Amino acid sequence: MNLPVPLGQCFEYGTLRSLRKADVAPMLEWMHDEGTARLFTRDFRSVTELEAVEFVRSSWDSTENVHLAVASATGSYLGTVSLKRLDWKNESAEYAIAMH
């Protein structure tokens with residue numbers, strides 16, 4: 001993938017980078033938050049740590065989805081930005097943003 005800002009290169013407020021196993025704990029915080037959970041059509045409250053780890057691992061080599069961490073300039077996880085159901089032929093995708 002050729003992005004205008006290389007992954008991991010900071011812009012003024014932070015960076016986009018690959019998800020890491022260390023991101024699982026803060027991911028689960030927003031997934032299990034009652035106030036946040038009611039804003040989504042999917043029930044993230046039932047996601048387990050093992051499922052979240054598998055989500056992170058699958059993000060590393062998926063050709064159907066791109067999931068990246070939104071991170072602070074120091075690398076701390078702030079949220080996830082995703083392009084889902086990538087259709088390379090029609091140049092389309094669904095996007096999602098979830099901030100911690």
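A search of the whole structure finds 5 salt bridges, a salt bridge being a side-chain nitrogen of Lys or Arg within 4 Å of a carboxyl oxygen of Asp or Glu. The model is predicted: local features need pLDDT of at least 70, side-chain atom pairs count only at pLDDT 80 or more, and totals for chains, interfaces and linings use all residues. Residues are numbered from 1 along each chain as its sequence is written, and side-chain values use heavy atoms, with hydrogens and water left out.

**First selection: Arg17 and Asp23**

Select Arg17 together with Asp23. These residues form a salt bridge whose closest N and O atoms are 2.8 Å apart. Asp23 is buried, at a relative accessible area of 3% (buried means under 20% relative accessible area, exposed over 50%, partly exposed in between; 1.4 Å probe, protein chains only). Arg17 also counts as buried, with 6% relative accessibility.

Next, display Glu34 and Arg45. In this salt bridge the closest N and O atoms are 3.0 Å apart. The pair links distant parts of the chain, 11 residues apart: Glu34 belongs to helix α2 (residues 34-37), whereas Arg45 lies in the loop between α2 and α3 (49-59). Helices (H or I, at least four residues) are DSSP runs, numbered from the N terminus. Arg45 counts as partly exposed, at 40% relative accessibility.

A salt bridge joins Arg45 to Asp43, with the closest N and O atoms 3.0 Å apart. Asp43 is partly exposed, its relative accessibility being 38%. With Glu34 still displayed, the network of salt bridges that links Glu34, Asp43 and Arg45 can be viewed together.

Terms used: Helix = DSSP H or I, 4+ residues; strand = E, 2+ residues; numbered from the N terminus.
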